[in-house]
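Please keep the viewer open as you read.

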Amino acid sequence: MENDLIIKADKLTKRFGTFAAVNEISFEVKKGEIFGFLGANGAGKTTAMRILSGLSIPTSGQAMVAGYDVWKETEKIKQNIGYMSQKFSLYEDLTIKENIRFFGGIYRMADRQIKENSSALLADLGMESEANKLVGSLPLGWKQKLAFSVSIFHDPKIVFLDEPTGGVDPVTRRKFWDMIYQASDRGMTIFVTTHYMDEAEYCDRVSIMVSGKIEALDSPAGLKEQFSVNSMEDVFLKLARP
Ligand SMILES: Nc1ncnc2c1ncn2[C@@H]1O[C@H](COP(=O)(O)OP(=O)(O)OP(=O)(O)O)[C@@H](O)[C@H]1O
């Protein structure tokens, strides 16, 4: 794998029976990029992301993630990435502190490291006084920030975010993106799906999937130029909802 690439996919395909949910997609993501993975409902984003996260095996094609093969090294991939799904995996009936400790354990961090990093994380989130509250009692925006923090608690090289900001207002979303930028500034690669076009504008590059295929891939400015429109919303409408 070339040194500055963290993902390289080549004709990656996933079929369910005869239906190709992901149909020969080829693309690359550079280290440290914020890469937006867009597409209408059912376009195949989650299916592709699950393969790239080591959670599902492709039907054909190749992909390397963080230097590991999606066919043969799924356990290595899982250890070296972070993943936050739409329904994020926090335990509602555990406290904030207990959730952090639990995920540190899953990522095989040492107890001392979990303790030290938990304090830093709680301070960063401004949640120190809430540490013993049940996650189920938190507002959605807080849960999303906590879920993101937990998904990168082990300092992975890349984090996959599947619609991380669904259902919250623009101000809360903007705050969430401040956290994404901070992680990106530290050199982490961000791979994010979203249905919000303001978020597409925040990405370095954006790919747009239509019916299992990647139909366009460029910077937001490049895509707007290519499609002769003024907003990502219009790019999306032209491509994904022709
Ligand atoms: N396990 C499965 N078995 C059969 N079909 C599936 C399976 N998982 C996904 N699909 C189908 O594959 C297609 C792509 O689904 P996927 O969830 O990847 O889309 P998506 O782009 O993430 O959509 P959304 O934005 O709604 O999350 C859909 O038509 C879906 O019904």
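To judge the length of a helix, we take its expected span as 1.5 Å times one less than its number of residues. Bear in mind as we apply this that the model is predicted. Helix α5 covers residues 140–151, which makes 12 residues. From its first C-alpha to its last, α5 reaches 16 Å, close to the 16 Å expected.

Which residues of α5 are buried? They are Gln 144, Lys 145, Leu 146, Ala 147, Phe 148, Ser 149, Val 150 and Ser 151.

A second pair of strands has another arrangement. Strand β1 (residues 5–16) and strand β2 (residues 19–30) run antiparallel, with 8 bridges between them. Here Ile 7 stands opposite Val 29 in β2. The hairpin that β1 and β2 form has 2 residues between the strands, and Gly 17 takes a positive phi near 65° there.

Next comes the ligand. Around the ligand you will find Phe 16, Ala 21, Gly 39, Asn 41, Gly 42, Ala 43, Gly 44, Lys 45, Thr 46 and Thr 47. Helix α1 (residues 45–52) gives the most to this shell, with 3 residues. Sorted by class, the shell has 3 nonpolar, 6 polar and 1 charged residues.

Finally, step back to the whole protein. Its secondary structure comes to 9 helices and 10 strands. The radius of gyration is 18 Å, close to the 18 Å that the globule rule gives for 242 residues, so the protein is as compact as a globular protein of that length. Along the principal axes, the C-alpha atoms fill a box of roughly 50 × 40 × 35 Å. Of the 242 residues, 37% count as buried. Among contacts with a separation of 6 or more, 68% are between residues 24 or more positions apart.

Note on methods
Residues numbered from 1 in each chain as written. Predicted model: local features only at pLDDT ≥ 70, side-chain atom pairs only at ≥ 80, totals over all residues. Near = placed C-beta within 6 Å. Helix = DSSP H or I, 4+ residues; strand = E, 2+ residues; numbered from the N terminus. Nonpolar A, V, L, I, M, F, W, Y, C, P; charged D, E, K, R; others polar. Buried ≥ 20, exposed ≤ 12 C-beta atoms within 10 Å, placed from the backbone. Rg over C-alpha atoms; globule rule 2.2 N^0.38 Å. Contact = placed C-beta atoms within 7 Å. Pairing = 2+ DSSP bridges.
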